[in-house]
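Me: Please take a single part of this model and examine it closely, with the cut-off behind each term. Then set that part in the context of the rest of the chain.

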Amino acid sequence: MTKTYEPDSRFVERLEWQLASEYRRTNRLKPSSGKVAVSRRMVAVALLVGVLTTGVAVIKAADYIRDSWRKGLEIARVGTEVQLKKAHLESTREMAARAEKLASIGAIREEESQVLKLGVEKAALDLERSLLNLDEVKASGVAPRDELYAPVLGGRDFVSERLKIQIKDVERDLELLRSRLDRFKQEVEVGVASGGALDPIQAEIAGRKAMIDEAQKRLDLRKRFVAGEITAYDVEIGDRMAVAEKNLHQAQTRVDSLMKQLERLQAQEALGIISPRETSQLRYALDAAQAELKLAALEVDVLGKVK
């Protein structure tokens, strides 16, 4: 053989690599003894099912972990609120006890002691509300809900319970305001105070009454919804109407009160007792209150047509 056809070392190495590759490829294609040959399509289907099953399990596990984390965080938040309310109640009780002793020896007025006593009752209601919220979080895993169409949890109506606490809370304010009104009336009778001092507190009393009426209407709507008498849509419109009517009542009360005050100031201005500037400032406040009254009346009218 001439050197022209004599293979060099590079050619031999290449040929050995090709032969080895072909041998490995051939052996891979042969089914092994004792094993069942499975088609590629079946393998692909099995892999897909495994991936999907694993994915669903992972998603469910992730949702569970996330929900548990959120529930734990919400419980911690409301639990902290409960501890703060307990501390506030204890502090208020101590202050009320000291005020009662001071009032008994005439060191402070009886009204001041009464204010602190009512403060204790309101603090107790705040704690009751926080404990209620904590029970709801433990039952639902989410923040407490105040919507009138929120579900009943474990046979317990947390929305109605909170509304009842709200009514009690406002009633405490109303009790204090009425006591203050009685004292002002006595001062007016003996000439210590003018009749104009009664208007602001009477307006506050009217406002608190409107708040109680609104809460009672919401409570009635909630009962009807839970009983299945009305739909979520009906209860939502009714709820908005209750709030709108309260706003309308409060706006009307404020307008009436400011008009009385303005009449007195105008009379004093005519006598030269006060400057026109004081009358002008009150007139601006009356204009703003009348604008709020128009807006509240419009809202009631629109909601009435929706119903």
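Reply: **A nonpolar surface patch and its setting**

Tyr233, Leu295, Leu298, Val302 and Val306 together make a nonpolar surface patch of about 500 Å². A patch here consists of residues with over 30% relative accessible area and no salt bridge, where like charges are joined within 9 Å and nonpolar side chains (Val, Leu, Ile, Met, Phe, Trp, Tyr) within 5 Å. Areas follow the Shrake-Rupley method with a 1.4 Å probe, and for residues only the protein chains shown count as cover.

The model is predicted, so local features need pLDDT of at least 70 and side-chain atom pairs count only at pLDDT 80 or more, whereas totals for chains, interfaces and linings use all residues. Residues are numbered from 1 along each chain as its sequence is written, and side-chain values use heavy atoms, with hydrogens and water left out.

Helix α7 (residues 276-306) supplies the largest share of the patch, 4 residues. Helices are DSSP runs of H or I with at least four residues, strands are runs of E with at least two, and both are numbered from the N terminus. Leu295 lies in α7 and is classed as exposed because its relative accessibility is 58%. The classes are buried under 20% relative accessible area, exposed over 50% and partly exposed in between, with a 1.4 Å probe and protein chains only.

The chain as a whole has 7 helices and 0 strands. It exposes about 20,800 Å², of which carbon and sulfur atoms supply 57%. Of its 307 residues, 26% count as buried. Among contacts with a separation of 6 or more, 71% involve residues 24 or more positions apart; a contact means heavy atoms within 4.5 Å.

Beyond residues up to four places away in sequence, Glu136 touches Gly141, Pro144, Arg145, Leu153, Phe158 and Arg162. With Arg162, Glu136 forms a salt bridge whose closest N and O atoms are 2.8 Å apart. This pair links distant parts of the chain, with Glu136 in α3 and Arg162 in helix α4 (residues 158-189), 26 residues apart. Arg162 is likewise buried, at 7% relative accessibility. Elsewhere, salt bridges that share partners join Lys122, Asp126, Arg129, Asp169, Asp173 and Arg208 into one network. A salt bridge requires a side-chain nitrogen of Lys or Arg within 4 Å of a carboxyl oxygen of Asp or Glu, and the structure holds 26 of them.

Helix α3 itself has 31 residues and reaches 45 Å between its first and last C-alpha, close to the 45 Å expected at 1.5 Å a residue. That expected span is 1.5 Å times one less than the number of residues. Just after α3, Gly141, a contact of Glu136, adopts a positive phi of about 85°.

Two further salt bridges involve partly exposed residues. Glu90 pairs with Arg93, with 3.2 Å between the closest N and O atoms. The two residues are separated by about one helical turn because they stand 3 residues apart in helix α2 (residues 40-104). Glu90 is partly exposed, with a relative accessible area of 42%, and Arg93 is partly exposed at 42% relative accessibility. The side chains of Glu112 and Arg109 meet at 4.0 Å, N to O; Glu112 is partly exposed at 38% and Arg109 at 46%.
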